[in-house]
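Start with the structure itself.

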Amino acid sequence: MKFLHAMIRVSDPAATVAFFQLLGLEERRRMDNEAGRFTLIFLGMPGDEGGEVELTHNWDEGRYAGGRNFGHLAYQVDDIYGTCQRLMEAGVTINRPPRDGRMAFVRTPDDISIELLQKGQALELAEPWSSMPNTGDW
């Protein structure tokens, strides 16, 4: 497993990017999603290809309150189906199953959202994952 990023939601992307630049991080990539009305900005330390900070700006959102701005931690896994199966067998709820063969969400005992992403290409669609519904929030 490889740690990928921690996601926080931001109300003012320019101010937040400037803040992280003061800490020494640089912007690595930015993606605008017109249909979903959000922007993703990934920041990291120069020369360190390790974990990043993902800033998510939801265009229609005002200010976040009560910790709602923290999103999730993300990990890359070699086998998304095998990882989810092992977690389920240990009693972990798969909140967002890997229906697409690429992405799943689970929660820690303290309700922190964890994103699991398939390394490389998405796996071929497979049951029970492709028809498994979401459970709770992710």
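Contact here means heavy atoms within 4.5 Å. Helices (H or I, at least four residues) and strands (E, at least two) are DSSP runs, numbered from the N terminus. This is a predicted model, in which local features need pLDDT of at least 70, side-chain atom pairs count only at pLDDT 80 or more, and totals for chains, interfaces and linings use all residues. Residues are numbered from 1 along each chain as its sequence is written, and side-chain values use heavy atoms, with hydrogens and water left out.

## Overall fold

The protein chain has two helices and eight strands. Read from the N terminus, their order is β-α-β-β-β-β-α-β-β-β. The radius of gyration is 16 Å, close to the 14 Å that the globule rule gives for 138 residues, so the chain is as compact as a globular protein of that length. That radius is taken over C-alpha atoms, and the globule rule is 2.2 Å times the number of residues to the power 0.38.

The C-alpha trace spans about 45 × 35 × 30 Å along its principal axes. Buried means under 20% relative accessible area, exposed over 50%, and partly exposed in between (1.4 Å probe, protein chains only). By that cut-off, 36% of the 138 residues count as buried. Among contacts with a separation of 6 or more, 54% join residues 24 or more positions apart. The accessible surface comes to about 8100 Å², and carbon and sulfur atoms hold 52% of it. Accessible areas come from the Shrake-Rupley method with a 1.4 Å probe; for residues, only the protein chains shown count as cover.

## Helix 2

Helix 2 covers residues 80-89, and its buried residues are Ile-80, Tyr-81, Thr-83, Cys-84 and Leu-87. They sit on the same side of helix 2, because they cover an arc of only 165 degrees around the axis. The arc is that of the directions from the helix axis to the C-beta atoms. Arg-86 and Glu-89 are exposed on the other side of helix 2.

What lies over the buried residues of helix 2? The cover includes strand 5 (70-77), strand 6 (94-96), strand 7 (103-107) and strand 8 (113-118). Thr-83 is one of the buried residues. Leaving out residues up to four places away in sequence, Thr-83 touches Val-77 and Leu-116.

Both ends of helix 2 have a local feature. At its start, a side-chain oxygen of Asp-79 comes to within 3.1 Å of the backbone nitrogen of Tyr-81. Just after helix 2, Gly-91 takes a positive phi of about 95 degrees.

## Helix 1

In helix 1, the buried residues are Pro-13, Thr-16, Val-17 and Phe-20. Seen down the axis, they fall within an arc of 100 degrees, so they line one face of helix 1. Ala-14 and Leu-22 are exposed on the other side. Strand 1 (2-9), strand 2 (26-33), strand 3 (38-44) and strand 4 are among what covers the buried residues of helix 1. Just after helix 1, Gly-24 has a positive phi of about 105 degrees.

Val-17 touches Glu-27, Arg-30, Ile-41 and Leu-55, not counting residues up to four places away in sequence. Val-17 and Leu-43 are 26 residues apart in sequence, with 8.1 Å between their C-alpha atoms.

## Cores

In soluble globular proteins, nonpolar side chains tend to be buried together. A nonpolar core is a set of buried Ala, Val, Leu, Ile, Met, Phe, Trp, Tyr and Cys residues joined through side-chain atoms within 4.5 Å. The largest one has twelve residues, including Ile-80, Leu-87, Val-106, Ile-114, Trp-129 and Met-132. Helix 2, strand 7 and strand 8 each supply at least two residues of this core. Helix 2 gives the most, with four residues. Apart from this core lies another, of eight residues, among them Val-10, Val-17, Phe-20 and Leu-25.

Ile-94 is also part of the largest core. Beyond its neighbours within four places in sequence, Ile-94 is in contact with Cys-84, Leu-87, Met-88, Phe-105, Val-106, Trp-129 and Thr-135.

| Residue | Relative accessible area | Class |
|---|---|---|
| Val-17 | 7% | buried |
| Thr-83 | 9% | buried |
| Arg-63 | 71% | exposed |

Arg-63 is in the loop between strand 4 (52-58) and strand 5. Its C-alpha atom is 9.5 Å from that of Arg-9, and the two residues are 54 residues apart along the chain.

Conventions
Polar contact = N/O pair within 3.5 Å; in protein donor to acceptor, adjacent residues only side chain to side chain.
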